Amino acid sequence: MAERDILICWPVSRSGSMVPGSLTSKCSKCGEPVWLSPSSLLLLHDTPGMDIQCVECGRKQMISQPGEVRRPTPAQLDEIREYLKGAGR
Ligand SMILES: [Zn+2]
(Lines give C-alpha, C1' and ligand atoms only; values in the text may rest on other atoms or scores of the structure.)
Protein backbone atom coordinates (compact mmCIF):
# COMPACT_ATOMS: atom_id res chain seq x y z
CA MET A 1 0.00 0.00 0.00
CA ALA A 2 1.34 3.39 -0.92
CA GLU A 3 2.04 5.67 1.98
CA ARG A 4 -0.21 8.68 2.12
CA ASP A 5 1.03 12.05 3.18
CA ILE A 6 -0.66 13.32 6.28
CA LEU A 7 -1.41 16.97 6.82
CA ILE A 8 -1.61 17.62 10.53
CA CYS A 9 -3.99 20.43 11.42
CA TRP A 10 -4.74 22.33 14.58
CA PRO A 11 -8.20 21.61 16.08
CA VAL A 12 -10.68 24.50 16.01
CA SER A 13 -11.56 23.71 19.64
CA ARG A 14 -8.06 24.75 20.79
CA SER A 15 -7.89 28.51 20.93
CA GLY A 16 -5.20 30.99 20.04
CA SER A 17 -3.58 29.37 17.05
CA MET A 18 -5.61 30.32 14.03
CA VAL A 19 -3.74 31.80 11.09
CA PRO A 20 -5.64 34.68 9.45
CA GLY A 21 -7.28 33.49 6.24
CA SER A 22 -7.62 29.90 7.44
CA LEU A 23 -10.53 27.71 6.43
CA THR A 24 -11.97 24.85 8.42
CA SER A 25 -11.97 21.17 7.49
CA LYS A 26 -12.40 17.92 9.39
CA CYS A 27 -10.00 15.31 10.70
CA SER A 28 -10.34 12.20 8.53
CA LYS A 29 -10.00 9.96 11.60
CA CYS A 30 -12.18 11.45 14.32
CA GLY A 31 -14.14 14.16 12.52
CA GLU A 32 -12.83 16.93 14.77
CA PRO A 33 -13.09 20.35 13.04
CA VAL A 34 -9.59 21.61 12.21
CA TRP A 35 -8.06 24.77 10.74
CA LEU A 36 -6.57 24.70 7.27
CA SER A 37 -4.12 27.58 7.07
CA PRO A 38 -3.40 29.25 3.72
CA SER A 39 -0.07 27.39 3.48
CA SER A 40 -1.83 24.09 4.16
CA LEU A 41 -4.34 24.86 1.41
CA LEU A 42 -1.42 25.46 -0.93
CA LEU A 43 0.14 22.15 0.11
CA LEU A 44 -3.17 20.34 -0.46
CA HIS A 45 -3.39 21.88 -3.89
CA ASP A 46 0.13 20.73 -4.75
CA THR A 47 -0.28 17.28 -3.18
CA PRO A 48 -3.72 15.88 -4.03
CA GLY A 49 -5.00 13.12 -1.78
CA MET A 50 -3.30 14.23 1.41
CA ASP A 51 -4.94 12.89 4.53
CA ILE A 52 -6.14 15.65 6.86
CA GLN A 53 -5.79 14.76 10.52
CA CYS A 54 -5.98 16.66 13.79
CA VAL A 55 -2.84 16.88 15.94
CA GLU A 56 -4.05 14.08 18.23
CA CYS A 57 -4.74 11.53 15.47
CA GLY A 58 -1.60 12.61 13.61
CA ARG A 59 0.47 12.02 16.74
CA LYS A 60 -1.05 8.55 17.29
CA GLN A 61 -0.43 7.63 13.68
CA MET A 62 3.20 8.78 13.89
CA ILE A 63 3.70 6.56 16.94
CA SER A 64 2.04 3.50 15.41
CA GLN A 65 3.48 3.94 11.90
CA PRO A 66 6.62 6.05 12.05
CA GLY A 67 7.28 7.57 8.66
CA GLU A 68 9.21 10.41 7.24
CA VAL A 69 8.33 13.75 8.79
CA ARG A 70 8.47 16.52 6.27
CA ARG A 71 10.03 19.80 7.12
CA PRO A 72 7.58 22.71 7.10
CA THR A 73 7.27 24.48 3.78
CA PRO A 74 8.59 28.08 3.55
CA ALA A 75 5.00 29.34 3.60
CA GLN A 76 4.30 27.36 6.76
CA LEU A 77 7.45 28.74 8.41
CA ASP A 78 6.28 32.28 7.59
CA GLU A 79 2.97 31.58 9.28
CA ILE A 80 4.70 30.15 12.35
CA ARG A 81 6.93 33.25 12.52
CA GLU A 82 3.91 35.53 12.22
CA TYR A 83 2.15 33.56 14.92
CA LEU A 84 5.12 33.77 17.28
CA LYS A 85 5.38 37.51 16.68
CA GLY A 86 1.71 37.91 17.55
CA ALA A 87 2.03 35.73 20.63
CA GLY A 88 4.78 37.96 22.02
CA ARG A 89 2.55 41.03 22.07
ZN1 LIG B 1 -8.58 13.45 14.77
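**Fold and core**

Modeller: Along the sequence, the protein chain runs β-β-β-α-β-α-α. Helices (H or I, at least four residues) and strands (E, at least two) are DSSP runs, numbered from the N terminus. This is a predicted model: local features need pLDDT of at least 70, side-chain atom pairs count only at pLDDT 80 or more, and totals for chains, interfaces and linings use all residues. Residues are numbered from 1 along each chain as its sequence is written.

Biologist: How many helices and strands in the protein chain?
Modeller: 3 helices and 4 strands.

Biologist: OK, β2 and β3. In which sense do they pair?
Modeller: Antiparallel, over 4 bridges, with β2 at residues 23-26. Pairing takes at least two DSSP bridges between two strands.

Biologist: What stands opposite Val 34 there?
Modeller: Ser 25.

Biologist: And how many residues lie between β2 and β3?
Modeller: 6, in a hairpin. Gly 31 in the turn has a positive phi of about 80°.

Biologist: Which β3 side chains are buried?
Modeller: Val 34 and Leu 36, on one face. Buried means 20 or more other C-beta atoms within 10 Å of the residue's own, C-beta atoms being placed from the backbone.

Biologist: New topic. Which residues make up the largest nonpolar core?
Modeller: Ile 6, Leu 7, Cys 9, Cys 27, Val 34, Leu 36, Cys 54 and Cys 57. Such a core is a set of buried Ala, Val, Leu, Ile, Met, Phe, Trp, Tyr and Cys residues joined through C-beta atoms within 7 Å.

Biologist: Which element gives the largest share of this core?
Modeller: β1, with 3 residues.

Key
Buried ≥ 20, exposed ≤ 12 C-beta atoms within 10 Å, placed from the backbone.
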